[in-house]
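Keep the structure open and follow along.

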Amino acid sequence: MAERRPREADETEAPPPSATTRNGHAKTNGNGAAAAAVQPDTTPSVPPMPAAGPWRSYKEIVAALATRIVEAQRPIRVLQALRWDDAIERQFLESKGRELPKVDVSSYERVDLGFDPRAKRDEFEQIAHDIDRDLGEHDAIGQIMTTTALEYRDVVHMLTARGTPAFYAWSRRLYGSPKDKFPDGRSTVRDLGQLLYGILTNVDEWSYPMRSASPEYVRSLDAKEAATRLGERLASYFGESVIRVEVDDEILADASAGSDYVKVRSGAKFSPRDIDILEVHEGWVHVATSLNGQAQPVSRWLAKGPPRTTAVQEGLAALLEMFTFRTYPRRARRLNDRVLAVDKAEDGASFIDVFEWFRTEGYEEDECFHNTRRVFRGGVLEGGAPFTKDACYCKGIVLNYAFIRSAIQHDRMDLVPLLFVGKVAHDDVPVLARRVADGVVKPPKYLPPMFRDLNGLAIWMAYSSFFSQLGGEAIAEYYARLFARS
């Protein structure tokens, strides 16, 4: 082991840094030894964080409130809460339509809502309160969100009243009624339904031989094949966005759209023309507005549709069927007959009465049941208190057409594409348009061709403005005399 070498006399140790002066000389004590003094802590003080948290921009506040609305509504599934067991249809048809389906308050109580109604209503009221507090009662975007939150609260009220007259009262408040008037203050949705009833019945009967001879209208496709064909169409339209098309045995309608999917009913049959219609109705409108709403970084509530947006959504979807010439008389007649069925039920017609009315209109027995169930689900089967949502379709066609035409007449064509920005009501659109420039609202990505280039629609609407003033009955009588000569 090596011996430790003694330190030479001229070897010195550098003092530790803490024992040096500012100019680098070692500090010494009275005897000349280096001092081991400790410097005082010179770390700057940090002020306390504000109790309110960091500053937030307007867009941050809106995005946070909108996210709360989206999350709060997530467990609410209206149609799921109103579903009927398959045994109910079997029981009714076995009775030859002479006994009311066995559905009452206790039947709905066995269908779990998936949330606590009182807590959910309180949650939406708190959100509405916080919107007013954070944005102010007069903020236009805040007013839309407040109305949306309170509508969801009222949906909860409606669902807790399933099977009672109160269900209808809430339904009428949320979705409207065939007795509602159009903006002209005179015409009602029922007036429209009764006018179209005669026209569509005659046109349907006239076109039936042509349809029955054409394979395009034959319902030869099962649900699986229909889903495959529709999936191919939507993949082409939406590009990189993956849209699922699935067969489902729980939905009541032949098809239903969600946020990024379309479901077709197991057991249903489809024609090639039905696929054409589903492409534009479910895909170009319902799925597209969902995706456009989901793409909003700020106005996130636009991804979901409260009842106030139903007339625009369903009317726009039906209107697209017309703009693309994919609809046909029987399809238009089905939508119109639903309006008349709701009207009859409001006026006291029972489930049996409405079922028999559909039968007299030439519907197959299973269609009669499905159509009638749409009207009475959640309501009172003895009559007087139906589910009024189906009145929105035809009302929405008229209101959307009027909105588009008026926007073109008043040089506001910029408003028309915003019908697709998400789930909107017409009252929302001018407010949303004002917030595109500052990024509160993001323009829609997915738009049908005739809405990407509005020139064709502009010309159509320009002529339609004149057509609506063209003599009414006088012009019709002129051509009636002409037709009578043949």
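Begin at Ile459, which is found in helix H18. The model is predicted. Ile459 is exposed, as its relative accessible area is 52%, and the cut-off for that term is over 50%.

Ile459 also belongs to a nonpolar patch on the surface. Two elements give two or more residues each: helix H18 (455-467) and helix H19 (473-484). The largest share comes from H19, with five residues.

The largest nonpolar core holds 98 residues. Within this core, Met145 and Phe451 touch the most other members. Helix H6 (residues 140-160) supplies the largest share of the core, nine residues.

Which residues is Phe451 in contact with, leaving aside its neighbours within four places in sequence? They are Leu320, Phe323, Ile404, Val416, Pro417, Phe420 and Leu457.

Next, follow helix H11 (residues 310-323). Helix H11 has 14 residues and reaches 19 Å from its first C-alpha to its last. That is close to the 20 Å expected at 1.5 Å a residue. Is H11 mostly buried or exposed? Of its 14 residues, 13 are buried, so H11 is largely enclosed by the rest of the structure. Buried here means under 20% relative accessible area. Just after H11, Phe325 takes a positive phi of about 55°.

How values were computed: Residues are numbered from 1 along each chain as its sequence is written. This is a predicted model: local features need pLDDT of at least 70, side-chain atom pairs count only at pLDDT 80 or more; totals for chains, interfaces and linings use all residues. Side-chain values use heavy atoms; hydrogens and water are left out. Patches are made of residues with over 30% relative accessible area and no salt bridge: like charges are joined within 9 Å, nonpolar side chains (Val, Leu, Ile, Met, Phe, Trp, Tyr) within 5 Å. Accessible areas come from the Shrake-Rupley method with a 1.4 Å probe; for residues, only the protein chains shown count as cover. A salt bridge is a side-chain nitrogen of Lys or Arg within 4 Å of a carboxyl oxygen of Asp or Glu. Helices (H or I, at least four residues) and strands (E, at least two) are DSSP runs, numbered from the N terminus. Buried means under 20% relative accessible area, exposed over 50%, partly exposed in between (1.4 Å probe, protein chains only). A nonpolar core is a set of buried Ala, Val, Leu, Ile, Met, Phe, Trp, Tyr and Cys residues joined through side-chain atoms within 4.5 Å. Contact means heavy atoms within 4.5 Å. The expected span of a helix is 1.5 Å times one less than its number of residues.
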